[in-house]
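Notebook open, viewer open. I'm jotting down what I look up as I go.

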Amino acid sequence: MFEWTWHLEWQTPQEFHAHAIKRILIEERSEFQRVILAELFRFGKALIIDGKIQSTLADEFIYHESLVHPLLISLEDPENILILGGGEGATLREALRYKSVRKVTMVDIDPVVIKFAKQNLQEWHMGSFDDSRTNLIIGDGYKFVKETNEKYNAIILDLTDPIQDSPSQLLYTSEFYRDLKSIITPNGGLVTQATSPSFSLDTFAIIYSTLKTVFKNVSAGITYVPSFDGLWGFIYASDVTNPAHLNRNQINDRIKERVTGSLRFYDGETHEMLFRVPKYIREKIENE
Ligand code: SAM
């Protein structure tokens with residue numbers, strides 16, 4: 001057992017989870033971050049950026065379906081979608097499932113991650129980078145939002161965690177959320193990945209309360225992601241809709257009408273589970 005190489009995932013400075021590595025497939029230092037593609041014994045291929053697992057082959061669908069569908073299903077026929085980050089192409093894959101979608105612009109800062117994904121993460125993106133509705137831009141999402149003239153029905157923030165000096169840090173601020181609001185159509189909304197309520201409850205609560213200063217309806221969703229070894233959080237925000245208010249029958253009907261292909265994680269029952277947030281987390285985010 002000890003002859004294996006281990007990926008140590010530091011959840012807090014005092015705690016790590018160790019994943020045994022079968023082999024390192026690629027390792028590269030980009031201008032922005034250290035990017036590794038490894039094969040883990042338990043979860044198969046894994047994209048690891050700056051020491052943090054971004055997603056693994058075995059359970060990426062849990063994270064990506066939870067991020068994308070509660071927002072998009074809550075909107076009336078979203079046509080124009082913006083994704084910031086999302087390197088693997090799996091968020092893109094899920095957004096393109098909507099029959100109403102005409103264009104998805106994905107802006108990721110790191111050409112190395114995109115090159116990795118295109119060449120090695122076929123199971124994640126399933127050819128989404130080549131979909132005629134995809135508009136892939138390599139660039140800083142922060143700058144892109146300041147400069148775009150377009151309006152979007154939905155914005156999906158699939159960024160690395162807001163760690164100091166990371167390229168994503170500024171994309172979790174109230175100033176940036178106000179910029180996003182100015183490019184969202186009046187009937188639209190956004191979602192952001194919001195770190196782990198298990199390991200960084202303070203950060204999760206701060207993202208929630210920061211969004212509340214900008215949008216009328218803000219709701220928190222959580223689910224367990226095995227390769228992250230803890231709960232993962234998502235915050236959905238809009239001035240008009242609130243996915244948390246939809247029930248399982250409405251979700252199942254909308255999936256049937258609006259979504260192509262079959263989902264592995266998300267349906268009406270899972271939707272209700274996502275928004276069943278335990279009391280201590282609710283109290284924490286409401287009192288932040
Ligand atoms: N699932 C992930 C997690 O748990 O943190 C997020 C996945 S995705 C790989 C994160 C992406 O955000 C990376 O590809 C990274 O290059 C991108 N990113 C970070 N900062 C960015 C910025 N300022 N603009 C655009 N993309 C950014």
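I started with helix α1, where 14 of the 15 residues are buried, so the rest of the structure largely encloses this helix. My cut-offs for burial: a residue is buried if 20 or more other C-beta atoms lie within 10 Å of its own, exposed if 12 or fewer, and partly exposed in between, with C-beta atoms placed from the backbone. Helices (H or I, at least four residues) and strands (E, at least two) are DSSP runs, numbered from the N terminus.

Two notes before going on. This is a predicted model, in which local features need pLDDT of at least 70 and side-chain atom pairs count only at pLDDT 80 or more, while totals for chains, interfaces and linings use all residues. Residues are numbered from 1 along each chain as its sequence is written.

Back to α1 (residues 60-74). I checked its length: at 1.5 Å a residue its 15 residues should span 21 Å, and the end C-alpha atoms are 22 Å apart, which agrees. The expected span is 1.5 Å times one less than the number of residues. I also found a kink of about 25° at Ser66, shortly before the proline Pro70. The bend is the angle between axes fitted to the seven residues ending at a residue and the seven starting there.

Next, the whole chain. I get 10 helices and 12 strands. With 288 residues, a compact globule would have a radius of gyration near 19 Å, and the chain has 18 Å, which agrees. That radius is taken over C-alpha atoms, and the globule rule is 2.2 Å times the number of residues to the power 0.38. Along the principal axes, the C-alpha atoms fill a box of roughly 55 × 45 × 35 Å. Of the 288 residues, 42% count as buried.

Domains next. The chain divides into domain 1 (5-54) and domain 2 (60-287), with bounds from an automatic or database domain assignment. Their centres, taken over C-alpha atoms, are separated by 23 Å. The contact between them takes 18 residues from domain 1 and 16 residues from domain 2; two residues are in contact if their C-beta atoms, placed from the backbone, lie within 7 Å. On the domain 1 side, β1 (5-12), β2 (15-29), β3 (34-40), β4 (44-49) and β5 (52-56) each supply at least two residues. The largest share of that side, 4 residues, comes from β2.

I then clicked on Val35, in strand β3. Buried or exposed? Val35 is buried, with 22 other C-beta atoms within 10 Å. Leaving aside neighbours within four places in sequence, its contacts include Ile49, Val112, Val113 and Phe116. Val35 and Val113 are 78 residues apart in sequence, yet 7.1 Å apart in space, C-alpha to C-alpha.

Lys279 is exposed, with 7 other C-beta atoms within 10 Å.

Most residues other than glycine have a negative phi. Asp165 has a positive phi of about 70° although it is not a glycine, and I found Asp165 in the loop between β9 (152-158) and α6 (174-182). Asp165 is exposed, with 5 other C-beta atoms within 10 Å. Thr195 also has a positive phi, about 65°, in the loop between β10 (184-193) and α7 (201-212). Thr195 counts as buried, with 24 C-beta neighbours inside 10 Å.
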